[in-house]
Amino acid sequence: MTDDVAAARAAAEEKSAFSHPPVDPDATAAYGDDPDHVIDFWTPRGGSGSAPVVVVLHGGAWRAPYDRRHISPFAAFLAHRGFAVASVEYRRGAAGADGGDPVAGRWPDTFDDVAAALDALPALIREHLPAGDPRRVVLTGHSAGGHLALWAAARHVLPAGSPWRTGAPAPLRGVVALAPVADLEVADKLGVCGGAIRELLGGDDHFAERRPHADPALLLPTGIATTLVQGRADIEVPHAVAESYADAAAKAGEVVGVTLLPDVGHFPLIDPAADACAVVAEEIAQLAW
């Protein structure tokens, strides 16, 4: 496939994924004081009794223009599959100065928020998502959100003294990371998200010192069941990034599942109109039910 053909297909996939209107949640709750400290909840459609909870972390290169509303059709899709869903918002990078490109992420705010949201979730689920079972939680995220999902599941192996380190693994059934920025060093070398990797960690001067606190590929093994779902035709986050994470996990003595979907790019994984989205739901179900 030529570069032009690949780019045209990627553009068509992105257009389809973003063509769905945002879906309003059934409830929204705050986990902090900032306007971005909110979690949207969708109750499961159909069925009876308690349902597994899928916690969703949206992508968008950790940049402010992309918030949780763009992934709300995916969240609603999961709710129609019988899952209870919690979609987390978090602080992303500020708008670019003088009309320039927005910055990717905030250090340490982005990580502060994801940690705080996950810590607050069990109580918020009981209050705002009574049909959800907080004992059966699967964490998922797309792209930059996939990075945050892998990171959130690895907080118990963060370096000693890290402000986000926990004393025990998160109570998760597993993680399903979708086209994740799973290895920051490899993603940086490949130019993923146009320099966003270094911006997330505060720039070149901080990249090396902060990577051990932020790079999922350095936070292994987690002891938590993990699956990566990746399109082979993804030109936004090439599958080499996911494969590098899986290799690092294997070297650490942990088996990480990698599902590579042929002829699939970056965005079909969260596009309810795409077959790949149903594959994602099945991968989540294998861990959750």
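Modeller: Let's open with Arg-211, which counts as buried because its relative accessibility is 13%. As for the cut-offs, buried means under 20% relative accessible area, exposed over 50%, and partly exposed in between (1.4 Å probe, protein chains only). Bear in mind that this is a predicted model: local features need pLDDT of at least 70, side-chain atom pairs count only at pLDDT 80 or more, and totals for chains, interfaces and linings use all residues. Residues are numbered from 1 along each chain as its sequence is written, and side-chain values use heavy atoms, with hydrogens and water left out.

Colleague: Okay, so which residue forms a salt bridge with Arg-211?

Modeller: First the rule: a side-chain nitrogen of Lys or Arg has to be within 4 Å of a carboxyl oxygen of Asp or Glu. Here Glu-185 is the partner of Arg-211, with the closest N and O atoms 3.8 Å apart. That pair links distant parts of the chain, since Arg-211 sits in helix α7 (residues 204–214) and Glu-185 in helix α5 (residues 184–189), 26 residues apart. Helices (H or I, at least four residues) and strands (E, at least two) are DSSP runs, numbered from the N terminus. Glu-185 itself is partly exposed, at 33% relative accessible area.

Colleague: How many salt bridges does a search of the whole structure find?

Modeller: It turns up 18. Take Asp-36 and Arg-92, whose side chains meet at 3.4 Å, N to O. Asp-36 is in the loop between β1 (27–30) and β2, while Arg-92 is in the loop between β4 and α3, so the pair ties together parts 56 residues apart in sequence. Both Asp-36 and Arg-92 are buried. Another pair is Arg-136 with Asp-133, at 3.1 Å between the closest N and O atoms. Arg-136 counts as buried at 13% relative accessibility, and Asp-133 does too, at 6%.

Colleague: And how do I read a whole helix: is α2 enclosed or open?

Modeller: Go through it residue by residue. In α2 (residues 72–80), eight of the nine residues are buried, so the helix is largely enclosed by the rest of the structure. Among them are Phe-74, Phe-77 and Leu-78. The buried residues pack, by contact (heavy atoms within 4.5 Å), against β2 (38–42), β3 (51–57), β4 (84–88), β5 (132–142), β6 (174–178) and α9 (275–288). After α2 comes Gly-82, with a positive phi near 100°.

Colleague: For contrast, is Pro-130 buried or exposed?

Modeller: Pro-130 counts as exposed, at 66% relative accessibility. Pro-130 is found in the loop between α3 (109–128) and β5.

Colleague: What about backbone angles: which peptide bond is cis, with omega near 5°?

Modeller: As background, most residues other than glycine have a negative phi, and most peptide bonds are trans. The bond from Trp-107 to Pro-108 is the cis one with that omega, and Pro-108 lies in the loop between β4 and α3. Leu-220 and Pro-221 are also joined by a cis bond, with omega about -5°; Pro-221 is in the loop between α7 and β7 (226–231).

Colleague: Where is the place of Trp-62?

Modeller: In the loop between β3 and α2. Trp-62 isn't glycine, yet its phi is positive, near 60°, and Trp-62 counts as buried at 0% relative accessibility. Ser-143 has a positive phi as well, near 65°. Ser-143 sits in the loop between β5 and α4 (144–152) and is buried, with a relative accessible area of 5%.
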